[in-house]
Amino acid sequence: MRCTYEDIMLYWSGELSGKRRDEMENHLKTCDQCRQMLSDLEALEQEVKTLPLLKPGKDLVQIALEKYERSEKRFWSLLPVPAFRFVAALVVVFILSVGYLLMNRLDQSPRPQERTGVPETSYVVSNQQIVRVQERVKRLEKRIRGNERKETRFARTTRIHRKVSLLRSELDNLKTGIVESEQFPFRNTFTRQRKKSYEDKTFNQLQPSHDHFLPLSGVRVC
Amino acid sequence: MMIPDERLIHMAHEGNQSAAEQLFRRYHDRIFSYLIRMIGDRGLAEDAAQETFFRGFRSLKKYREQGLFKSWVFQIAHREGLRVLKREKRHSMIAASSEAEEHTEREIPDPSPLPTEVLMHQEKTRCIERALEHLTGAEKQVVLLRLYEGLAFKDIARITKCPLNTVLGRMRNGVKKLKKALGGEDV
């Protein structure tokens with residue numbers, strides 16, 4: 001058996017499992033060195049156990065118990081009668097429930113765009129933005145006309161048509177938004193990202209429809 | 001007849017405050033002795049022991065029997081001792097021996113032994129206290145919990161929150177240093 005000092009210590013403290021303990025007992029019968037180590041440990045234990053038990057100058061358990069009782073009574077001492085405690089507990093539960101219900105109601109209240117029925121970007125407007133969109137629409141229309149002359153490929157023209165129709169609807173929304181924003185001036189900022197994401201989203205969702213195209217000659221719409 | 005710890009715990013769970021008090025009173029001196037040897041200052045050891053009992057009273061409701069109650073109390077005491085040491089940044093154990101010696105001299109209550117026997121006992125105690133000073137804080141904690149309190153290594157591992165092998169390693173080093181110190185002083 002391969003014996004370590006740790007095994008001897010565990011055997012000494014009675015923590016070796018049955019099989020290992022039997023092995024160790026057999027080993028100790030033959031190994032003088034291990035027996036010596038074990039007896040050294042036992043002797044040391046006897047010596048250390050002779051150390052006196054030190055006593056504190058005061059009754060620490062009593063002091064701790066008083067402190068514990070004070071801490072327990074701190075809250076309930078305000079309400080000495082059990083009936084009051086019950087009522088206080090009911091009031092706390094009621095306040096918490098009302099708070100919870102109110103929070104839920106606030107969460108479910110319609111957002112500004114839901115109330116107005118106007119897309120979020122529509123009431124975030126400024127004259128500069130309208131002018132920018134108008135200029136963009138003009139530029140695109142110009143490109144469409146140029147493409148017509150050049151008889152460019154169908155797909156590209158269609159994309160431009162879509163873009164133009166999108167921008168026109170955006171323009172309409174912006175114009176409507178001027179009126180709405182006066183009624184609900186909730187938000188006065190308009191980030192470029194939000195505008196872009198809205199455009200992209202709307203552009204991607206837009207299905208090809210004849211209504212959205214400008215009447216252009218020489219363009220076949222399918 | 002002494003009521004077993006388990007019975008007292010059961011009574012304390014049922015709301016018997018005096019059972020809880022009796023339970024902690026059993027470990028009053030043991031906890032204080034461990035803490036004074038660990039911290040090395042009487043006042044701080046008293047504070048730590050008091051806090052140990054306070055936390056014990058507070059947590060006794062939540063205590064579920066998983067091993068010895070003694071190891072549970074020592075776990076709280078050990079944590080309090082470490083907290084005090086951290087707060088005071090006092091890892092020196094110098095004061096411990098002088099304090100212990102002072103008590104040894106004061107607390108030999110039995111007048112029957114002969115003066116020579118008393119002197120020999122005091123001298124032996126002093127030697128062991130001095131030998132314990134050679135150990136590091138962690139080694140001293142393991143040695144005291146095993147040799148003085150008689151706790152199992154698994155319990156010590158739980159108390160000190162260390163792996164069993166670490167505890168065994170500390171015990172090995174501690175025993176080695178202790179034997180060397182005691183041998184050097186020819187006890």
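Which residues lie nearest the centre of the largest pocket, and how many residues line it?

Reply: The model is a predicted one. In it, 13 residues line the largest pocket, and those nearest its centre are B:Tyr63, B:Gln66, B:Trp72, B:Gln75 and B:Arg79. Two elements each give two or more residues to this lining: helix H4 (42-59) and H5, both of chain B. H5(B) gives the most, with 5 residues. Sorted by class, the lining has 5 charged, 4 polar and 4 nonpolar residues. The space in the largest pocket comes to about 240 Å³.

From the pocket, the account can move on to the core. The largest nonpolar core has 77 residues, and B:Phe69 and B:Leu178 are the ones that touch the most other members. Helix H5 of chain B, residues 69-88, supplies the largest share of this core, 8 residues. Leaving out residues up to four places away in sequence, B:Leu178 touches A:Leu44 and A:Val48 in chain A, and also B:Ala131, B:Leu132, B:Leu135, B:Val143 and B:Leu147.

B:Asp5 belongs to helix H1 of chain B, which covers residues 5-13. B:Asp5 counts as buried because its relative accessible area is 14%, and the cut-off for buried is under 20%.

Key:
Residues are numbered from 1 along each chain as its sequence is written. Chains are lettered from A and ligands numbered from 1 in the order in which they are written. This is a predicted model: local features need pLDDT of at least 70, side-chain atom pairs count only at pLDDT 80 or more; totals for chains, interfaces and linings use all residues. Side-chain values use heavy atoms; hydrogens and water are left out. Helices (H or I, at least four residues) and strands (E, at least two) are DSSP runs, numbered from the N terminus. Buried means under 20% relative accessible area, exposed over 50%, partly exposed in between (1.4 Å probe, protein chains only). A nonpolar core is a set of buried Ala, Val, Leu, Ile, Met, Phe, Trp, Tyr and Cys residues joined through side-chain atoms within 4.5 Å. Contact means heavy atoms within 4.5 Å. On a 1 Å grid over the protein atoms alone, a cavity is a set of points where a 1.4 Å probe fits but cannot get out, and a pocket is an open set with protein on both sides within 12 Å along at least five of seven lines; lining residues have an atom within 4 Å of a point. Grid points are joined across faces, edges and corners, and a volume is the space filled by probe spheres set on the points. Ala, Val, Leu, Ile, Met, Phe, Trp, Tyr, Cys and Pro count as nonpolar, Asp, Glu, Lys and Arg as charged, and the others, Gly among them, as polar.
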